[in-house]
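Please keep the sequence and the structure in view while reading.

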Amino acid sequence: MTRNSIDRLAPWLTGLGFVVVWWLVIVMFGIQRYILPTPWETLNAMYTFRGPLFTNGLATLATTLIGFGIAVVVGMILGIIVGSSRLA
């Protein structure tokens with residue numbers, strides 16, 4: 001394998017390894033599904049509740065973008081004030 005193909009596969013193999021370890025930990029230690037569900041149960045729940053997840057995800061995205069916009073405006077105003085000050 002070339003260095004380029006290893007660099008491309010590394011994130012996928014890491015993610016797959018994480019899922020395998022997750023599944024093995026649940027099986028080996030007998031963790032109850034209400035404490036830590038398997039990856040398959042998690043994907044199934046995400047598919048089942050995709051509507052509410054999408055709606056609440058959009059609300060979270062909107063809140064985050066509004067907060068970021070406010071931070072940019074306040075930061076620009078403070079930057080202009082500090083930059084135009086003779087004390088700076």
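Which side chains meet in a salt bridge? The side chains of Arg33 and Glu41 do so, at 2.7 Å from N to O.

## Basis of the report

The model is predicted: local features need pLDDT of at least 70, side-chain atom pairs count only at pLDDT 80 or more, and totals for chains, interfaces and linings use all residues. Residues are numbered from 1 along each chain as its sequence is written, and side-chain values use heavy atoms, with hydrogens and water left out.

## The salt bridge

A salt bridge is a side-chain nitrogen of Lys or Arg within 4 Å of a carboxyl oxygen of Asp or Glu. A search of the whole structure finds one. Side chains of opposite charge can pair when their charged atoms come close.

Arg33 counts as exposed because its relative accessibility is 59%, whereas Glu41, with 23%, is partly exposed.

## Helix H1

Helices are DSSP runs (H or I, at least four residues), numbered from the N terminus. Helix H1 covers residues 3-29. Its 27 residues reach 37 Å from the first C-alpha to the last, close to the expected 39 Å; the expected span is 1.5 Å times one less than the number of residues.

At Leu9, shortly before the proline Pro11, H1 has a kink of about 40°. This bend is the angle between axes fitted to the seven residues ending at a residue and the seven starting there. After H1 comes Gly30, whose phi is positive, near 60°.

## The aromatic pair

Rings of Phe, Tyr and Trp (its six-membered ring) pair if their centres lie within 6.5 Å; planes under 30 degrees apart count as stacked, over 60 as edge-to-face and the rest as tilted. One aromatic pair is found in a search of the whole structure. The ring centres of Phe18 and Trp22 are 6.1 Å apart and their planes stand at 45°, so this pair is tilted.

Both residues lie in H1, four residues apart, about one turn of the helix. Phe18 counts as exposed, at 56% relative accessibility, while Trp22 is partly exposed, at 21%.

## Helix H3

Ile66 lies in helix H3, which covers residues 50-84. With 54% relative accessibility, Ile66 counts as exposed. Between Ile66 and Ala45 there are 29 Å in space, C-alpha to C-alpha, and the two are 21 residues apart in sequence.

Terms used: Helices (H or I, at least four residues) and strands (E, at least two) are DSSP runs, numbered from the N terminus. Buried means under 20% relative accessible area, exposed over 50%, partly exposed in between (1.4 Å probe, protein chains only).
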